[in-house]
Amino acid sequence: MVFLTQLLSLTDGRDIGVCYGLNGNNLPSPRDVINLYKTSGINNIRIYQPYPEVLEAARGSGISLSMGPTNEDIQSLATEQSAADAWVNTNIVPYKDDVQFKFITIGNEAIPGQPSSYIPDAMNNIMNSLASFGLGTTKVTTVVPMNALSTSYPPSDGAFGSDITSIMTSIMAILAPQDSPLLINVYPYFAYASDPTHISLDYALFTSTTPVVVDQGLEYYNLFDGMVDAFNAALDKIGFGQINLIVAETGWPTAGNEPYTSVANAQTYNKNLLNHVTQKGTPKRPEYIMPTFFFEMFNEDLKQPAVEQNFGFFFPNMSPVYPFW
């Protein structure tokens, strides 16, 4: 119980959230899910498209909500202001008095990819729409994966791919005046599982007691910090090092790719990550306490087997996969 109390005290007042996906045929009702967030002391939810039943359940909950359109909608939102107006009018305006919208994410791992070139215009159009409805302070951003970087090791060499550098520069020019962050998905699990010969489990799980990487005088004890700082370096290289990063997804699966996946590894990673991000920054940005969304609330049986089905903190019956929250 002491362990749980410590975790709860860490999340009090801190910017910690959990992603809520709905790719399951046996998930609890959104109302029950919102209650589970509240009883677990989780104050931020990220969903992947505007599910009306989730938005209804979130009314008056006091939990902040981040969401965005599907990647398939980005092109129309970019090319037609009326499409952006309709999206905001349908998915934000009816809930604006009862739901705290934190981030509107235009694209989830849409960069690199076909929708990339439309993201800046879609962001601007959604921002115009929000302003017209008196919601101009709502932050609009995008979510990028690790493969947006052409180089990520050592961290100081972090750089965006040449094919997306101009797009990322355009997006940062939109974020900077609004003091909006860039959201990133960071998964040490996938890096470790794809190259366990060169990446140690201790480095991936925050359990190394000595620095594993020393880069331009900065000591890295864990892979997570190295991955985040590669993004910080990439932002520096395009002249936007002042942009803050927020982790939109990170987690560790409990099953599906043994021995790399296990309940013990997932619990260790998530526990150590929570302690880390609520108490300190990265070696490159040591003073910046980085808001973080964990992935994810439930095991989802309609996702691709088997690893993707096993990132959840909870089973669909709402019992914990392991003690955490």
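How many residues line the largest cavity, and which lie nearest its centre? The largest cavity is lined by 13 residues, with V228, G281, T282, Y288 and M290 nearest its centre. Here a cavity is a set of points, on a 1 Å grid over the protein atoms alone, where a 1.4 Å probe fits but cannot get out, and lining residues have an atom within 4 Å of a point.

The model is predicted: local features need pLDDT of at least 70, side-chain atom pairs count only at pLDDT 80 or more, and totals for chains, interfaces and linings use all residues. Residues are numbered from 1 along each chain as its sequence is written, and side-chain values use heavy atoms, without hydrogens and water.

The largest cavity has a volume of about 80 Å³, a volume being the space filled by probe spheres set on the points, which are joined across faces, edges and corners. Helix α10 (223-237) and helix α11 (263-279) each supply at least two residues of this lining; α10 gives the most, with 4 residues. Helices (H or I, at least four residues) and strands (E, at least two) are DSSP runs numbered from the N terminus.

The search of the whole structure finds 2 cavities of 30 Å³ or more. The second largest cavity has a volume of about 40 Å³, and its lining includes R46, Y48, M67 and N108. Strand β4 (residues 100-108) contributes the largest share of that lining, 3 residues.

Overall, the protein has 11 helices and 12 strands. Along its principal axes, the C-alpha trace spans about 55 × 45 × 35 Å.

Definitions and conventions. On a 1 Å grid over the protein atoms alone, a cavity is a set of points where a 1.4 Å probe fits but cannot get out, and a pocket is an open set with protein on both sides within 12 Å along at least five of seven lines; lining residues have an atom within 4 Å of a point.
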